[in-house]
Amino acid sequence: MSKSTAPVLCTVKDAVVLLRLGRSTIYELMASGELPFIKLGRARRIKRADIDAFVAQLPPQSV
């Protein structure tokens, strides 16, 4: 997905694909507040900018 065609609001399924994490992990991150989301009716959407910010704040791992 190129930057120009990337959705502004992502579904949980989109976040799973982008972050390469499981669906339940995405919901856990949303519930804890680590991954902000908005509710539109019954649907949860995550701003692409919030996904990018989440990734940017992840600490590097040392091996």
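This is a predicted model: local features need pLDDT of at least 70, side-chain atom pairs count only at pLDDT 80 or more; totals for chains, interfaces and linings use all residues.

Me: What makes up the chain, in helices and strands?
Reply: The chain has three helices and three strands, and along the sequence these follow the pattern β-α-α-β-β-α.

Me: Why is arginine 20 called exposed?
Reply: A residue is called exposed when its relative accessible area is over 50%. Arginine 20 has a relative accessible area of 69%, and therefore arginine 20 counts as exposed. Arginine 20 is found in the loop between H1 and H2.

Me: What is the phi of arginine 20?
Reply: Its phi is near 55°, which is a positive value in a residue other than glycine.

Me: Which residues of helix H2 are buried?
Reply: In H2, which spans residues 23-32, the buried residues are Ile26, Leu29 and Met30. Buried here stands for a relative accessible area under 20%.

Me: How do you know that the buried residues of H2 line one face of the helix?
Reply: Viewed down the axis of H2, they fall within an arc of 100°, so they line one face. An α-helix has 3.6 residues a turn, so residues three or four places apart point the same way. On the face turned away from the buried side lie the exposed residues Glu28 and Ala31.

Me: What do the buried residues of H2 pack against?
Reply: They pack against helix H1 (12-19), strand S3 (43-47) and helix H3 (48-56).

Me: What share of the chain is buried?
Reply: Of the 63 residues in the chain, 21% are buried.

Terms used
Residues are numbered from 1 along each chain as its sequence is written. Side-chain values use heavy atoms; hydrogens and water are left out. Buried means under 20% relative accessible area, exposed over 50%, partly exposed in between (1.4 Å probe, protein chains only). Helices (H or I, at least four residues) and strands (E, at least two) are DSSP runs, numbered from the N terminus. The arc is that of the directions from the helix axis to the C-beta atoms. Contact means heavy atoms within 4.5 Å.
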